[in-house]
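These are my notebook entries on what I looked up in the structure displayed here.

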Amino acid sequence: MKVKMQTRGLDVFYGEKQALQSVDLEIHANEVTALIGPSGCGKSTYLRCLNRMNDVVPGCRVSGDVTLDGRDIYDSKLDVVKLRARVGMVFQKPNPFPKSIYENVAYGPRIHGIARTKSDLDELVRQSLRKAGLLEEVESRLDESGTSLSGGQQQRLCIARAIAVSPEVILMDEPCSALDPIATARVEELIDELREQFTIVIVTHSMQQAARVSQRTAFFHLGSLVEVGETGKIFTNPAEKRTQDYITGRFG
Amino acid sequence: MDVIGWLWLGLPLLAGAAYWLGQRQALALTDGGRVEIHSLPQHYGQLVLVWAALPPLLILFAWLVIGSTLVDAYTVAAVESSGLLTEGQSASAIVVDVHTGMAEIDGADASPAHGAAQAAIARARGMFGIALAALVAVAGGAGLAYARRRITPELRARNQVERILTAGLMACSIVAIVTTIGIVLSLFFEAIRFFELTSPIEFFFGTEWSPQTAMRSDQVGSSGRFGAVPVFAGTLLITSIAMSIAIPVGLMSAIYLAFYAGSATRIWVKPVLEIIAGIPTVVWGSFAALTLGPKIRGFGEVVGLDVASESALAAGIAMGVMIIPFVSSLSDDALNAVPRSLREGSLAMGATDSETIRRVILPAALPGIVGAFLLAISRAVGETMIVVMAAGLAANLTANPFAAVTTVTVQIVTLLVGDQEFDSAKTLAAFALGLTLFFVTLGLNLVALTVVRRYREQYE
Amino acid sequence: MSSDGAGRPERREEVEERADRRLRRRYASERAFRTAGLVAIAFSLSALGALLGSIVLDATGALTVHSVRLELDLDPAQLDPYGDRSPDSLASGNAAAVLRSGLASEFPEVTGRSEKRALGELLSVGASYDLLDRIVAEPELLGSRLEFRALLSDDADLALRGETEEGVDEADRKLSGAQQAWLASLSERGRIENHWNLRFLTTGDSRDPEIAGVQGAIRGSFLTLIVTLLLSFPLGVAAAIYLEEFAPRNRLTDLIEVNINNLAAVPSIVFGLLGLAVFLNVFGLPRSAPLVGGMVLGLMTLPTVIIAARAALSAVPPSIREAALGVGASPTQAVLHHVVPQALPGILTGTIIGMARALGETAPLLMIGMVAFIVDLPTGPTDPSTVLPVQIYLWAEAPERAFAARTAAAILVLLGFLVTMNSVAVWVRRRFESRV
């Protein structure tokens with residue numbers, strides 16, 4: 001298995017408070033890696049380190065190595081704009097821009113100058129919507145506002161928006177927590193399909209979801225990585241007692 | 001001090017006495033704790049206080065409003081019937097003289113009629129004062145007696161006091177509506193009188209404004225011209241200059257402070273911008289007139305431009321700077337109302353800060369920002385001192401920022417300051433301008449407040 | 001991954017190169033945008049700096065005034081016309097003549113009648129007032145010789161500050177060549193003194209810039225603000241309590257709300273028109289009086305006070321209301337005994353800020369005649385008077401050059417009051433915040 005991203009000795013501080021302690025983790029290419037753990041365990045913080053979204057948070061300090069294809073992404077020579085084009089992100093609450101469906105998906109290609117002609121862009125938008133499984137539902141109303149869609153459709157629109165710039169890795173921060181079960185099932189199916197093309201890291205509070213969609217699972221607790229391994233093994237035969245307690249519902 | 005002054009002073013005494021009586025009577029009812037009364041004794045006291053003091057208070061307020069009119073009416077009648085009026089004297093003019101201290105010259109009456117007027121005013125004050133004192137005594141005494149008769153153990157004194165209090169509070173909140181009605185009515189009636197002298201068509205579409213020549217009402221039409229288009233155009237020109245400074249600078253300041261500046265910078269820059277907003281307009285006016293105007297004129301001479309000493313540019317620039325903090329703080333509110341998730345969503349796509357702001361945040365905040373601009377325009381249109389001091393009086397119909405123009409507010413001030421004769425078209429024209437100004441700013445404010453409120457609801 | 005198709009690496013490089021070029025452009029526009037923001041802020045700050053700088057610079061001309069030290073013969077015939085040393089007699093003495101002859105004795109060569117008059121014009125009328133005050137206070141000085149500091153006129157003062165009248169025709173100059181020579185001579189002999197202009201803070205307005213002061217305007221502002229406060233504070237707080245705590249949600253209260261928000265944005269001059277049409281013409285209240293000015297400003301400030309008081313009331317946590325109701329207080333008692341005291345600091349802060357705005361307001365006061373030229377200090381709310389901002393306006397419009405410095409100095413006084421008021425507001429807010 002190829003290692004797509006890797007962190008070594010990753011520490012994160014918010015002001016004085018340490019949010020992550022010395023996390024060593026490998027993200028394998030073309031797999032879904034699930035990050036689980038109780039609220040406040042640092043899994044979202046970890047995720048946001050992978051495309052440097054923590055830069056936006058005032059007072060946040062990151063130390064340790066984070067590499068993408070073996071290159072340090074916190075290297076001052078590396079461009080954060082380029083990094084984020086390679087490592088996309090989908091958020092907990094669907095956040096389509098208050099623009100048309102078409103413009104939402106075209107946003108990334110436009111700013112990065114990916115499509116050269118209008119017809120290229122049209123094709124790219126349709127292709128991204130198709131990959132996100134949304135094209136059939138919205139084909140006739142691409143000019144309508146993205147905010148007029150249902151919650152599940154909005155989240156798939158956000159996924160389409162993220163994949164329109166052909167990222168290599170997609171980070172998903174509890175993408176289904178604001179969705180109903182049917183929409184959740186739809187998104188989970190989609191994640192499984194996207195795995196062929198992209199490397200996916202997903203934070204989830206639902207252990208069932210982690211078990212359903214991921215190949216590898218990492219368990220975080222109190223800012224540390226407790227255990228990581230194949231999903232099947234973590235859920236049936238974890239090495240650590242704390243993991244066992246968490247997945248059997250003794251705390252969390 | 002006259003009788004009325006004593007009445008005002010006596011009112012708190014009456015109130016205190018009423019409270020004390022009511023409370024003591026209620027206390028007596030309890031019979032040393034053997035009888036249960038509905039409310040605390042002080043509630044009975046408060047109730048008696050209201051009954052005793054409110055009617056006199058209302059009477060005194062009514063006197064405040066109509067008193068001087070009554071005295072003047074009596075005096076005018078007395079002077080007219082005294083037979084002391086000489087040729088060319090009018091009783092109402094003499095009354096005005098008495099009020100402005102012109103009735104006596106070196107300690108002697110200016111004319112026999114002036115003496116009679118002074119005597120009549122003193123007489124009227126004494127007479128009305130005694131009548132008022134009697135009325136107040138009767139009303140207060142009756143209220144006191146009635147309230148004391150009502151005191152029984154079952155009387156729900158606290159509930160009644162609270163109901164009266166709530167009604168009083170509501171009356172206070174209605175003052176705001178009364179003020180608006182007062183503004184509309186006072187502007188409206190004077191404006192109607194103006195439009196009886198000058199047709200609204202000439203006023204709103206005429207292009208010649210020269211009110212100063214119409215010194216008397218019978219000259220209207222022959223020499224005074226009230227075509228307000230140049231005045232409106234001047235207002236528009238200065239407002240445009242001000243907005244072309246305030247809007248870009250205010251908006252960019254808000255953007256920089258919200259997205260780029262570190263918290264240390266924000267902490268000191270924001271209060272400094274508030275200082276600009278807190279500087280009185282008369283100070284900006286004197287800056288524009290004494291410093292900026294001559295500088296611009298000097299600059300114009302250097303580059304060979306013909307700049308009026310009271311150019312629209314000087315007034316417009318000062319006004320624009322004054323409005324910057326207003327635009328910036330309202331834009332800041334609008335920008336901050338955009339959910340953070342949109343910003344993060346865009347940044348996570350690999351957009352730069354400026355791309356995020358221009359392509360996502362500004363479009364999302366647009367209604368709020370437009371509302372802010374409209375409020376700023378309304379401020380600029382109604383701003384008075386800067387233009388009074390730095391813009392001119394010449395009603396030129398021009399778009400040249402170096403020329404002198406005049407504005408609605410300048411004209412209102414010029415027409416009303418100084419000697420006024422209240423029936424001349426010249427003074428009444430100020431009210432027509434005021435009415436126009438009121439409705440234009442009201443329209444801008446209503447649209448702006450509605451837009452801003454809708455916008456806030458959208459993200460709540 | 002090793003499944004890259006043939007020819008793809010080349011395409012990828014091409015794309016990369018294009019993306020790099022694009023990226024540089026994007027960063028350039030990012031920097032430009034950011035710089036535009038900085039420039040905007042720098043513009044506002046430098047405008048403020050220019051304003052304050054020019055005011056301080058101009059005001060220096062009014063901080064001090066020039067006087068000339070003269071040896072005066074206190075001739076009883078001139079200074080005690082009735083000969084009985086009564087205050088009446090002393091107050092009607094011809095101090096100007098004494099001063100003129102004192103100055104003339106410095107220049108024995110000046111003999112012509114018109115020349116002597118020109119010499120006398122160097123002195124301010126303020127010097128006569130000062131001398132009369134001195135004689136009334138110390139009648140025993142009569143008949144003796146007195147070294148006296150006599151205030152110079154505004155034009156002499158400006159000339160001594162080095163403000164030349166170059167470019168003005170000889171005939172139109174305020175000071176003739178002879179007058180300038182006399183001044184230079186006095187200066188050479190060390191007779192000229194430059195001293196603090198304390199009179200500026202203690203007297204009322206005057207036609208003569210060198211003796212004009214802001215005391216009358218300060219008193220007028222004070223009286224006006226008292227009336228404004230008495231009107232807008234109780235009414236505003238009562239209205240806010242009603243709207244925030246008792247009002248049912250219906251169309252009337254909606255109307256009041258919209259109305260208050262709009263009233264807050266009505267141009268101030270419109271309130272002046274209201275005052276003129278209603279308070280002066282209908283009620284017949286006196287023109288130029290702080291009473292009417294205060295009433296107009298009170299109505300203007302009312303929406304500000306209401307909005308601030310409502311914000312303060314709504315910031316009180318509902319738990320306090322519930323706790324009071326829980327121990328059996330009526331809703332009225334809960335509000336008056338518990339909610340309002342909690343909100344009071346916030347209400348006070350809003351009121352002070354509203355008062356500060358009223359203090360700087362000019363336009364509506366012009367409408368009700370507070371622009372009159374008033375020398376006497378007002379003592380009550382119905383005395384004709386002016387206020388600080390109107391005084392600034394009047395002096396800014398005055399033709400005498402020396403009034404420019406007075407304008408700036410009066411602005412400093414006004415800004416001083418505003419800074420004090422706002423600091424008090426900030427202090428109240430800080431205390432409030434630290435308590436909660």
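**Entry 1: a helix in chain B.** I listed the buried residues of helix 11 of chain B and found Leu342(B), Arg343(B), Glu344(B), Gly345(B), Ser346(B), Leu347(B) and Ala348(B). Buried stands for under 20% relative accessible area, exposed for over 50%, and partly exposed for what lies in between (1.4 Å probe, protein chains only). Helices are DSSP runs of H or I with at least four residues, strands are runs of E with at least two, and both are numbered from the N terminus. Seven of the nine residues of helix 11 of chain B are buried, so this helix is largely enclosed by the rest of the structure. Gly350(B) follows the helix and has a positive phi, near 90°.

**Entry 2: conventions.** I note that this is a predicted model, in which local features need pLDDT of at least 70 and side-chain atom pairs count only at pLDDT 80 or more, while totals for chains, interfaces and linings use all residues. Residues are numbered from 1 along each chain as its sequence is written, chains are lettered from A and ligands numbered from 1 in the order in which they are written, and side-chain values use heavy atoms, with hydrogens and water left out.

**Entry 3: salt bridges.** I counted a salt bridge where a side-chain nitrogen of Lys or Arg is within 4 Å of a carboxyl oxygen of Asp or Glu. Over all chains, the structure holds 37 salt bridges.

I returned to Glu344(B), which forms a salt bridge with Arg48(A); their closest N and O atoms are 2.7 Å apart. The pair joins two chains, because Arg48(A) lies in helix 1 (residues 43–50) of chain A and Glu344(B) in helix 11 (residues 340–348) of chain B. Arg48(A) and Glu344(B) are both buried.

Asp157(C) is buried at a relative accessible area of 4%, whereas Arg161(C) is partly exposed at 27%.

Glu244(C) and Arg310(C) also meet through their side chains in a salt bridge, at 2.9 Å from N to O. Glu244(C) belongs to helix 10 of chain C and Arg310(C) to helix 13 (residues 290–314) of chain C, so the pair ties together parts that are 66 residues apart in sequence. Glu244(C) is partly exposed, at 27%; Arg310(C) is buried, at 15%.

In chain A, salt bridges with shared partners join Lys2(A), Lys4(A), Asp69(A), Arg86(A) and Glu168(A) into one network.

Entry 4: Arg216(A) lies in strand 9 (residues 216–221) of chain A. Beyond four places in sequence, the residues that Arg216(A) touches (contact being heavy atoms within 4.5 Å) include Glu26(A), His28(A), Glu31(A) and Glu230(A).

Entry 5: I examined Ser232(C) in helix 10 (residues 215–246) of chain C. Ser232(C) is buried, with a relative accessible area of 0%. Leaving aside neighbours within four places in sequence, Ser232(C) is in contact with Val237(C), Gly298(C), Thr301(C), Leu302(C), Val305(C) and Met355(C).

I then examined Thr235(B) in helix 7 (residues 229–260) of chain B, which is buried at 8% relative accessibility. With the same exclusion of neighbours within four places, Thr235(B) is in contact with Val381(B), Thr406(B), Thr407(B) and Val408(B).

**Entry 6: surface patches.** I took patches as residues with over 30% relative accessible area and no salt bridge, joining like charges within 9 Å and nonpolar side chains (Val, Leu, Ile, Met, Phe, Trp, Tyr) within 5 Å. The place of a charge is NZ of Lys, CZ of Arg, CG of Asp or CD of Glu. Accessible areas come from the Shrake-Rupley method with a 1.4 Å probe, and for residues only the protein chains shown count as cover.

- Negative: Glu13(C), Glu14(C), Glu16(C) and Glu17(C) form a surface patch. Glu14(C) lies in helix 1 (residues 8–63) of chain C and is exposed at 53%.
- Positive: Arg116(A), Arg21(C), Arg24(C) and Arg25(C) form a surface patch. Arg116(A) is exposed, at 60%.
- Nonpolar: Phe61(B), Leu64(B), Val65(B), Ile66(B) and Leu70(B) make a surface patch of about 410 Å². Leu70(B) is partly exposed, at 37%.

Definitions and conventions: Lys and Arg count as positive and Asp and Glu as negative; His and the chain ends are not counted.
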